[in-house]
Amino acid sequence: MDIGELLAYKPEQTPKRKGDDDPDDDDATEPATPERPSKLKKTSHNIPNTPSRDANDQAGESFRSPGQAEIEKLNIMRYVETEAADVDVLNDAGLRKLVLIFEKRVLRNQEMRIKFPENPEKFMETELELHEVLQQLHAIATVPDLYPLFVELNAVPSLLELLAHPNSDISVTVCDLLQELTDVDILHESIEGAEVLIEALRKQQVCALLVQNLDRLDETEKEEAKGVHDTLAVFENLMEIKSEVCVEAANQGLMQWILKRLKAKLPFDANKLYCSEILSILIQESKENRLLLGTLDGIDVLLQQLAVYKPLMSAENREKFLKGEGLQLMNLMLREKKLSRNGSLKVLDYAMSGPDGKDNCNKFVEILGLRTIFPLFMKTPKRNKKRLLGTDEYEEHVCSIIASMLRNCKSGQRQRLLAKFTENDFEKVERLMEFHLKYLTKVEAIDEKLEENDDAEDSDANYLTRLSGGLFTLQLVDYIILEICATNEAVKQRILKILNMRGARDESHQTNYAGNTLEIWEMQVTRNGEIRKKHTSFNLSTDFNELQFGLLGRFRMKPL
């Protein structure tokens, strides 16, 4: 035998002996006969795909092995305990099965944690299964009509108990689920379901449980920070549907937690912003919550939070604003007469006020800003959709800018500013006196109302009412009058003439008001140098105590 024959040689294959239970492919295709019944294929017990019971299966059911029915029953029970329910289209039966699986996995996890408290590997698998079924419960949010059944199955207490689960990942997952279940858009789809769910949550003290969970979450961890955001969203949803929840949440610790969170020295993020929004909802909806805010020293906390933004208007930032040609940009915006004029007017007011605004005031005069600001002073634009500022607020900002320039400008720029009041036959002086008489009338009207209310005990509140009603603008106008009269006798005589003309129409008011005003101007003229040097105030008569107080606060002057 040569080599080729050896390589090509293959031994004969011995036929494999068939067992009694092995399926016979040939016989499986043969029709069944009384002498040789067809053999059933071995069925697979991989639930949920159970074998279909057609006519042939029923005919051959008698040929099953003795314990096969019992095995199928055990496999079905094992499937219910270990596998997920089919919730593609959730109905009553699917919800019941899903809640049953949820309850079993909660119980199983509790048992394993109690049995192996020091061995996390033993109960970790049960927590993964619990997390999985919590994710599947999100399907309930797609059918809010099933909320009453969900409550009836007593699933809410079991769900809220997990907020105190030792594993914070589980509690965060529950917060995410609650946020979706209480979503306002979803709750509006079924009013009845929403009412039942919210009442069940309130009955289980959901606000207190959520606050307790907030206390233990660490926002430096990304997942737990998301859990805080979801929890705040749950509160917002509940308060939007049921306003009574505002008081419940505040009394159960939410307001106290928010104040603590605002005081925390953490970087500004979405959660801090959300906390401030929730706090605003709490105090807007209930007077009781506003009183509680004061009891918890909330006013002090809020003032501390506002103080954080004070450095935004510091001397360093004003210097950057100046070097970055911010004044030129604001000046152009004012000239364009567009929507940006509103914001640019405010920015100029803040940038030029106080001692830190000295450089900005001088620069504004150098860039010909007087040609921009005085037309606004002479004619207040009519309010429309493009001009959001009210007339009084608009005039207040303009007068504040002019007052700041009078206080901060150097000799050259100051002379250019004062010369503006003598142009065109003192038209700007007359406009200034119009403002004075206008806001004086407003303040007098407010004083009459305050006298009628006879609320003399709350002097601070009365003073704030007068300030917001026009007293602050009146103080600015009177300050400008004092400044321009101190440097120009012609201006002073023109103002006296206007006062006399008004006195002719109202003699009873002439002696009381014009006399006091003239006295102030004389004091300013005789002591101009000292006042300008020391930034001191004026010895005002009793009718102008408010003006003195306003000058002290607004321009940081020290009394003599």
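**Aromatic rings and a helix contact**

Reader: F421 first: is it buried or exposed?

Author: F421 counts as buried, because its relative accessibility is 1% (buried is under 20% relative accessible area, exposed over 50%, partly exposed in between, with a 1.4 Å probe and protein chains only). The model is predicted: local features need pLDDT of at least 70 and side-chain atom pairs pLDDT 80 or more, while totals for chains, interfaces and linings use all residues. Residues are numbered from 1 along each chain as its sequence is written, and side-chain values use heavy atoms, without hydrogens or water.

Reader: How many aromatic pairs are there in the whole structure?

Author: The search finds three (ring centres within 6.5 Å; planes under 30 degrees apart are stacked, over 60 edge-to-face, the rest tilted). One of them joins F374 and F421 edge-to-face, with 5.6 Å between centres and 85° between planes. F374 is in helix α23 and F421 in the loop between α25 and α26, so this pair ties together parts 47 residues apart in sequence.

Reader: And what about F377 and F435?

Author: Their ring centres are 5.4 Å apart and their planes at 80°, so that pair is edge-to-face. F377 sits in α23 and F435 in α26, 58 residues apart. F377 is buried at 0% relative accessibility, and F435 is buried at 3%. Ring pairs link F374, F377, F421 and F435 into a cluster.

Reader: Changing topic: which residues of α15 meet α18?

Author: L259, L262 and K263 of α15 meet G298, V301, L302 and Q305 of α18 (contact is heavy atoms within 4.5 Å).

Technical notes. Helix = DSSP H or I, 4+ residues; strand = E, 2+ residues; numbered from the N terminus. Phe/Tyr/Trp six-rings, centres within 6.5 Å; stacked < 30°, edge-to-face > 60°.
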